[in-house]
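Please keep the sequence and the structure in view while reading.

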Amino acid sequence: MLDYEEMRYLVEFSRLGTLSEVAKRCHISQPTVTRAMKKAEEEIGVSLFEHRRNRLDLNENGRLAASELQQLLQQWDEAYRRVREFDRSHRVISIGSCAAVQIPGLVARLS
């Protein structure tokens, strides 16, 4: 199964068009991107690329795969965001004070 980063490389390739640009944008080596593209073809089980001399392009399968993976990554990111937000909304902070008076606005700022 492709991991998150490998899916992201394929989506970035569909946007940027070259392996070297994906490597540069993702701060990884070009061979890492190449391996991820080969793994994507193996995992999905269909050809995703048109191999040309010194050039790699997505074919129709590849364009569809990149589109579907982009949607999946967006859903993945949104699910993580919702879980983190849920966690933050259920945290409680308790503050003790020896002050004889309320500190103005402290409760409002902490909420």
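## Terms and overall layout

Helices, of at least four residues, and strands, of at least two, are taken here as DSSP runs numbered from the N terminus. The model is predicted, and in it the chain has five helices and two strands, which follow the pattern α-α-α-β-β-α-α when read along the sequence.

Of the 111 residues in the chain, 25% are buried. The chain exposes about 8500 Å², with carbon and sulfur atoms supplying 53% of that area.

## Valine 22 in helix α2

Helix α2 spans residues 19-26 and includes valine 22. Because its relative accessibility is 0%, and buried means under 20%, valine 22 counts as buried. Once its neighbours within four places in sequence are left aside, valine 22 is in contact with Tyr9, Glu12, Phe13, Leu16 and Val33. Between valine 22 and leucine 10, which are twelve residues apart in sequence, the C-alpha to C-alpha distance is 8.7 Å.

Helix α4 has 30 residues, and the distance from its first C-alpha to its last is 44 Å, close to the 44 Å expected at 1.5 Å a residue. Gly62, Ala65, Ala66, Leu69 and Leu73 are buried in this helix, and the buried residues of α4 pack against α1 (4-16), α3 and β2. An α-helix has 3.6 residues a turn, so residues three or four places apart point the same way.

Which residue caps the N-terminal end of α4? The cap is asparagine 59, with a side-chain oxygen 2.9 Å from the backbone nitrogen of asparagine 61. Asparagine 59 is found in the loop between β2 (55-58) and α4 (60-89), and its relative accessibility of 12% is why it counts as buried. Apart from its neighbours within four places in sequence, asparagine 59 is in contact with Ser47, Leu48, Phe49 and Glu50.

The loop between α3 (30-44) and β1 (49-52) holds valine 46, which counts as partly exposed because its relative accessibility is 36%. Leaving aside neighbours within four places in sequence, valine 46 is in contact with Glu41 and Asn61. Valine 46 and asparagine 61 are 15 residues apart in sequence, while their C-alpha atoms are 7.5 Å apart in space.

## Aromatic pairs

A search of the whole structure finds three aromatic pairs. In one of them, the rings of tyrosine 4 and tryptophan 76 have centres 5.0 Å apart and planes at 80°, so the pair is edge-to-face. Since tyrosine 4 lies in helix α1 and tryptophan 76 in helix α4, the pair ties together parts that are 72 residues apart in sequence. Tyrosine 4 counts as partly exposed at 23% relative accessibility, and tryptophan 76 is partly exposed with a relative accessible area of 26%.

The rings of phenylalanine 13 and phenylalanine 49 also form an edge-to-face pair, because their centres are 5.8 Å apart and their planes are at 75°. Phenylalanine 13 lies in helix α1 and phenylalanine 49 in strand β1, so this pair ties together parts that are 36 residues apart in sequence. Both phenylalanine 13 and phenylalanine 49 are buried. Tyr4, Trp76 and Tyr80 form one aromatic cluster.

Note on methods:
Residues numbered from 1 in each chain as written. Predicted model: local features only at pLDDT ≥ 70, side-chain atom pairs only at ≥ 80, totals over all residues. Heavy atoms only, no water. Buried < 20%, exposed > 50% of the residue type's maximum accessible area, 1.4 Å probe, protein only. Contact = heavy atoms within 4.5 Å. Areas by Shrake-Rupley, 256 points an atom, 1.4 Å probe, with all protein chains shown as cover. Expected span 1.5 Å × (residues − 1). Polar contact = N/O pair within 3.5 Å; in protein donor to acceptor, adjacent residues only side chain to side chain. Phe/Tyr/Trp six-rings, centres within 6.5 Å; stacked < 30°, edge-to-face > 60°.
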